[in-house]
Amino acid sequence: MDTARHHRWLPALGLLLLSPVCAEYLIGYDQIIGRPRELLAGLLILAPLYGAVAVMIREAARRTGRGWPTILLLSAAFGLVQAGLIDQSLFNPHFVDEPSWDREWSSTLVPVLGISLQHTLNFLAGHVIWSFAAPIAVVESLTPRLADRPWLRRGGMAVMALLYCLGAAVIFREHTRKFMASPVQLGVTAVIVLALVALAFTLPRRRGPMPGRVPPPLWLTACTAVALLATHQLIPPTWAGVALDVLSLSLGAGLLLRWSSRAQWGRMHILAVSGSALVVNAGLSFVVEPNGQVAYAAKYAANATLMLGVLALLAAAHRRLRRAGATANDV
């Protein structure tokens with residue numbers, strides 16, 4: 001393998017590992033958060049399930065010369081695949097054996113659809129932001145000179161697809177032993193997934209950036225992202241909470257769409273938004289009560305280790321962007 005190809009495998013490997021950490025470990029809700037060996041072992045399943053998808057989403061967008069709208073739409077599609085077709089947490093009222101899960105599910109239940117609206121928002125936003133988009137943005141920020149280029153060839157993509165199929169098969173078998181969504185629920189989910197994928201590749205490209213000012217990336221952009229993402233994570237599981245969540249997510253999406261269309265929007269802004277997502281979950285992990293019994297010393301040690309890792313990763317990405325002089329609009 002030549003040096004250039006070797007260097008392109010490194011960010012793909014980094015994304016393969018960062019995606020599952022951001023998706024499942026960073027907020028520290030699981031009882032294995034205080035068990036380092038189990039966390040590492042869990043990556044054998046979670047890296048194919050999340051990381052391989054993140055790599056494929058990113059490669060599909062970059063290979064076709066598309067940017068973040070395509071990445072976000074594909075992230076939404078695969079988020080629906082995960083929550084609606086693979087583990088089916090979108091439809092399973094007893095997905096987690098915890099009384100709090102049952103209370104949250106019933107508090108915003110939509111009987112005709114068989115879903116909890118609050119859980120649906122959490123699943124979809126969680127996958128789009130933390131499972132896929134934020135890890136992709138951070139890893140691209142760490143490798144700014146390769147950010148617009150494909151990292152893998154066809155063989156590498158085939159490996160990622162195979163890894164994902166294996167991971168998805170394990171999770172599907174595990175979570176559908178006692179529950180299976182109805183054919184209508186599965187069929188409607190599949191149709192929406194296909195529509196999102198089609199839209200991702202047919203959405204008209206922007207002709208060019210628009211004039212206008214954007215906020216400074218490291219202060220106003222990051223602080224706005226932290227406030228909106230923290231609101232999303234902290235809202236109560238009520239109908240009023242759902243309304244506030246929709247408002248905060250819509251406001252965030254609107255600001256992102258407006259600012260990112262302007263010429264002054266650059267990679268530093270993208271890092272500010274994605275880095276804020278990681279910092280929010282790493283910070284909230286200190287107050288999250290894991291499912292099951294976990295020694296507090298082990299929990300806080302894991303939370304602190306992950307937070308320090310996030311801060312070190314973001315600092316390294318910031319340095320590399322500054323050295324590369326990355327300022328161009330990339331949406």
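Glutamate 289 is in contact (heavy atoms within 4.5 Å) with Tyr29 and Tyr296, leaving aside its neighbours within four places in sequence. The model is a predicted one, in which local features need pLDDT of at least 70, side-chain atom pairs count only at pLDDT 80 or more, and totals for chains, interfaces and linings use all residues. Residues are numbered from 1 along each chain as its sequence is written, and side-chain values use heavy atoms, with hydrogens and water left out.

Glutamate 289 sits in the loop between α10 and α11 (helices are DSSP runs of H or I of at least four residues, numbered from the N terminus). With a relative accessible area of 53%, glutamate 289 is exposed (exposed means over 50%, buried under 20%, partly exposed in between, with a 1.4 Å probe and protein chains only). Its C-alpha lies 27 Å from that of leucine 16, at a separation of 273 residues in sequence.

The loop between α10 (267-284) and α11 (296-324) also holds phenylalanine 286, which is partly exposed at 30% relative accessible area.

Turning to helix α3 (residues 68-86), we find glutamine 82 there. This glutamine 82 counts as buried because its relative accessibility is 4%. Beyond its neighbours within four places in sequence, glutamine 82 has contacts that include Leu49, Tyr50 and His127.

Elsewhere, the axes of helix α5 (residues 117-142) and helix α8 (residues 217-234) come within 11 Å and cross at roughly 145 degrees (axes are lines fitted to C-alpha atoms over the stretch in contact, with angles from 0 to 180 degrees between N-to-C directions). Leu121, Asn122, Ala125, Ile129 and Trp130 of α5 meet Leu229, His232 and Gln233 of α8 in this contact.

Note on methods. Helix = DSSP H or I, 4+ residues; strand = E, 2+ residues; numbered from the N terminus.
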